[in-house]
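Let's take a friendly tour of a protein model. Have a look at the structure first, and then follow the notes below.

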Amino acid sequence: MKAIQVKQFGTPDVLKLVELSDPTPAPGQVVIRVHAAGVSPLDTYVREQSHGAPTPSLPYIPGFEAAGTIAAIGEGVTRFNVGDRVYTNVFMGAYAELLVQDAIAVYPLPDHVSFAQGTAAVNSYPTAYYALFNLAKATPGSTVFVHGASGAVGIAAVQIAQAAGMKVVGSAGSVQGMQLVEQEGAVLAVNHREPDYLEKAIAFTDGKGFDVILEMNATEKLADDVGLIAPFGRIVVIGGTNGAVTFDPTPILWKGASIIGLYIGLASPQEQAEIHAAIYAGLENGSLRPKVAEEFAIEQSPLAHETVRTARSAGKIALVF
């Protein structure tokens, strides 16, 4: 099989296309023929060993997000048949034509959802769902501000919140991004590169602030969130933790607000099952519509890594086979 392999940590050019032996499933496992692998900032952090990313043993095959079809089934697996469309989250190994995974960690993908879209269902949609419901305890009617709403997780959050009856405001860094955020269900989009964007956002709440804020770039924007949060509100930090943050915590104290860190790996097996069941239902009925920004051939992995770090793409970046 073809795969991308990393033999030393470093710049994108360490991503090398190689030929490896085809894997076989053990009992309880399946082999997935990967048609698309998601590319996320975490992939780049691991490659360059930054942002406190995990350190895999070298050499390793990158990638946490894969979507494809069942190619082989191990003993004892009854949930799937060869040819079934699926997606999965794996700790490394998605940048390969074939991937072995425990069947319990594999989820069905509706027929009308592309494989590239399916890679967004692996982490982006579970992350948004976990942030809104499990951590922030958002409910219908809640006001939600998605700080960095035009990326893969941001779009997922806007769609999920809107479908659940929440009032969503999202920020983006361009006119195109703002248009996308409103198109996907936000009642208002603001440009977080403009100096008055905080005033525009909080005016939507008549000065009360937001019940929930989902933060994609904590290093740069967490200080702004402190002014946007409502009394007893919850700020969920999802990404952008690459440096020190300086802000006055007094408003958090007097508002009784909370700042919560998110790591989707802490979700329990029961929570994971509930999350993916809800995501499948949303994908099936069309309320969840993963946005694919760009697709790259597997040979273009270095370019895909450079692209995902620019933070300019609206939606998911995927490698396709």
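Helices (H or I, at least four residues) and strands (E, at least two) are DSSP runs, numbered from the N terminus. This is a predicted model, so local features need pLDDT of at least 70 and side-chain atom pairs count only at pLDDT 80 or more, while totals for chains, interfaces and linings use all residues. Residues are numbered from 1 along each chain as its sequence is written, and side-chain values use heavy atoms, with hydrogens and water left out.

**Two residues to start with**

- Lysine 316 has its place in strand S15 (residues 316-320).
- With a relative accessible area of 4%, lysine 316 is buried; buried means under 20% relative accessible area, exposed means over 50%, and partly exposed is in between (1.4 Å probe, protein chains only).
- Contact means heavy atoms within 4.5 Å.
- Valine 82 sits in the loop between strand S4 (65-73) and S5, and at 58% relative accessibility it counts as exposed.
- Leaving out residues up to four places away in sequence, valine 82 touches Ile70, Ala71, Ala72 and Ile73.
- The C-alpha atoms of valine 82 and threonine 69 are separated by 7.4 Å, and these residues are 13 apart along the chain.

**Aromatic rings**

- Rings of Phe, Tyr and Trp (its six-membered ring) pair if their centres lie within 6.5 Å; planes under 30 degrees apart count as stacked, over 60 as edge-to-face and the rest as tilted.
- By this rule there are five aromatic pairs.
- One of them joins tyrosine 87 and tyrosine 107: the ring centres are 5.7 Å apart and the planes are at 35 degrees, so the pair is tilted.
- This pair links distant parts of the chain, with tyrosine 87 in strand S5 (residues 85-89) and tyrosine 107 in strand S7 (residues 106-108), 20 residues apart.
- Both tyrosine 87 and tyrosine 107 are buried.
- The rings of tyrosine 129 and phenylalanine 133 also form a tilted pair, because their centres are 4.6 Å apart and their planes are at 50 degrees.
- Tyrosine 129 and phenylalanine 133 are separated by about one helical turn, being four residues apart in helix H3 (residues 124-135).
- Tyrosine 129 is partly exposed at 21% relative accessibility, and phenylalanine 133 is partly exposed at 24%.

**Helix H9**

- Helix H9 (residues 269-285) has 17 residues, which at 1.5 Å a residue should span 24 Å, and its end C-alpha atoms are 24 Å apart, which agrees. The expected span is 1.5 Å times one less than the number of residues.
- Which residues of H9 are buried? They are Gln272, Ile275, His276, Ile279, Gly282 and Leu283.
- Seen down the axis of H9, these buried residues fall within an arc of 120 degrees, so they line one face of the helix. The arc is that of the directions from the helix axis to the C-beta atoms.
- The face of H9 turned away from its buried side carries the exposed residues Gln270 and Asn285.
- Among the elements covering the buried residues of H9 are S5, S7, helix H2 (115-122) and H3.
- Glycine 286 follows H9, and its phi is positive, near 90 degrees.

**Strand S8**

- Five of the five residues of strand S8 (residues 143-147) are buried, so S8 is largely enclosed by the rest of the structure.
- S8 pairs with strand S9 (residues 167-172) in the parallel sense over four bridges; two strands pair if DSSP finds at least two bridges between them.
- Valine 144 stands opposite valine 168 in S9.
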